[in-house]
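Colleague: I have a model open and want to learn to read its folds. Can we go through it feature by feature?

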Amino acid sequence: MRAVVFERFGEPAEVREVADPAPPEHGVVVRVEATGLCRSDWHAWQGHDPDVTLPHVPGHELAGVVAAVGDRVERWRPGDRVTVPFVCACGTCPSCAAGDQQVCERQTQPGFTHWGSFAEYVALEHADVNLVAVPDELSYGTAASLGCRFATAFRAVVTQGRVAAGEWVAVHGCGGVGLSAVMIAAASGARVVAVDVSPRALELARTFGAAECVDASRVPDTAAAVRDLTGGGAQLSLDALGSPVTCAASVNGLRRRGRHVQVGLLPSETGTTPVPMARAIALELELLGSHGMAAHAYPPMLELVRTGVLRPDLLVTSTIGLDAVPAALEAMGTAPGAGVTVIEPWG
Ligand SMILES: [Zn+2]
Ligand SMILES: [Zn+2]
């Protein structure tokens with residue numbers, strides 16, 4: 001099959017022929033119809049993820065058709081339309097037994113712990129635990145965007161963040177996950193303040209329901225701006241980018257008893273991130289993490305997508321083929337861009 005491969009961290013990736021994957025005993029091989037390009041792929045390529053070994057094929061936000069199944073798979077057949085959370089759970093550890101597959105103790109992640117979906121085929125572990133059926137109404141491109149950024153935003157806003165109608169929600173960083181969060185919070189009846197350095201990202205945020213926007217390239221203290229716009233601070237705030245600056249701004253923009261949800265990854269090479277804990281104590285803030293979403297939690301989200309309440313399809317701003325991926329990966333380092341790029345390996 002054709003795949004995007006890199007031999008060394010940070011050096012140009014290339015598209016070439018590699019061996020087709022075989023399905024693991026509990027797993028499947030999926031023919032990749034669409035796969036999203038995400039900043040986590042850039043981190044993997046840069047060597048920021050300790051799970052990645054070389055040579056490597058990135059890609060973790062995918063949708064496609066089951067091509068082959070392992071001997072011990074019960075629920076899936078070749079031809080099924082599927083997607084998968086980026087955290088693939090083992091199904092048997094204590095966290096999985098408690099229903100918390102998103103923090104599985106023996107998780108695998110395509111594109112990180114093994115070869116991913118920037119390829120014509122990808123192998124996935126523990127299919128009965130992790131695969132999600134994609135309704136016929138949903139395109140593969142839309143389904144691919146659910147696995148990482150949209151599902152992550154959904155869990156962060158709805159489950160971890162416990163959003164309520166009428167609340168102020170601040171979203172710091174309006175890339176794929178941030179724009180998803182804006183859309184989900186607005187659809188939940190919240191009033192959203194979007195914060196980003198890019199006017200284009202803020203324009204999209206407004207399209208997806210943000211009531212207020214803060215241009216962080218012009219406003220030095222974004223937390224103060226959020227407190228002003230919301231009459232004292234947001235009830236819920238997300239760092240959807242993942243940086244010491246946006247993390248602190250998110251916490252500092254909360255009102256009393258507010259909830260901060262850390263969604264953007266804070267890679268270890270930047271060191272431990274300082275968090276304004278004095279404010280957390282004085283205002284009794286809640287500081288929460290959010291890490292993907294388990295496959296069994298997808299149905300309510302899929303129903304909102306199927307009925308058009310949530311429109312992840314609108315987040316897809318460009319579609320490219322495998323050959324364009326090495327350059328697109330490189331561009332992510334300097335210009336992350338707004339919206340979601342979908343790769344069609346067979347396109
Ligand atoms: Zn991702
Ligand atoms: Zn597990």
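**Strands, crossovers and a helix pair**

Modeller: Start with one pair of strands. This is a predicted model. Strand β11 (residues 234–239) runs parallel to strand β12 (residues 254–262), and 5 bridges join them.

Colleague: Which residue of β12 stands opposite Ala 234?

Modeller: Leu 254 in β12 stands opposite Ala 234.

Colleague: Through which helix does the chain cross from β11 to β12?

Modeller: Trace the chain out of β11. Helix α8 (residues 244–252) carries the path over to β12. The hand of this β-α-β crossover is right-handed.

Colleague: How many bridges link β12 with strand β13?

Modeller: There are 4 bridges, and the pairing of β12 with β13 (residues 286–289) is parallel. Look for bridge partners.

Colleague: What is the bridge partner of His 260 in β13?

Modeller: Leu 287 is the bridge partner of His 260. Keep one general idea in mind here. Side chains alternate between the two faces of the sheet in a regular strand.

Colleague: Now the whole sheet. In what order do the strands lie?

Modeller: Read across the sheet, strand by strand. The order is β10-β9-β8-β11-β12-β13, an open sheet of 6 strands with parallel pairing.

Colleague: Which are the edge strands?

Modeller: Look for strands that pair on one side only. Here these are β10 (212–215) and β13. On average, neighbouring strands of this sheet are turned by 20 degrees against each other, direction ignored.

Colleague: Which strands does helix α6 touch?

Modeller: Helix α6 (residues 199–207) packs on the sheet and touches β9 (191–196) and β10. The direction of α6 makes about 170 degrees with that of β10.

Colleague: Next, a helix pair. At what angle do α4 and α5 pack?

Modeller: Take the angle and the axis distance together. Helix α4 (residues 140–160) packs against helix α5 (residues 176–187) at about 50 degrees, and their axes are 8 Å apart. That angle makes α4 oblique to α5.

Colleague: Is the crossing left-handed or right-handed?

Modeller: α4 passes α5 in a right-handed crossing.

Colleague: Which residues make the contact?

Modeller: On α4, they include Phe 150, Ala 153, Phe 154 and Val 157. On α5, Val 177, Ala 181 and Ile 184 are among them. Sorted by class, the contact of α4 with α5 has 10 nonpolar, 3 polar and 1 charged residues.

Key
Residues numbered from 1 in each chain as written. Chains lettered and ligands numbered in written order. Predicted model: local features only at pLDDT ≥ 70, side-chain atom pairs only at ≥ 80, totals over all residues. Axes fitted to C-alpha atoms, helices over the stretch in contact; angles between N-to-C directions. Helix = DSSP H or I, 4+ residues; strand = E, 2+ residues; numbered from the N terminus. Parallel < 35°, antiparallel > 145°, perpendicular 65-115°, else oblique. Left-handed = near helix turned anticlockwise from the far one by under 90°. Contact = placed C-beta atoms within 7 Å. Nonpolar A, V, L, I, M, F, W, Y, C, P; charged D, E, K, R; others polar. Pairing = 2+ DSSP bridges. Right-handed = clockwise from strand over helix to strand, strands pointing away.
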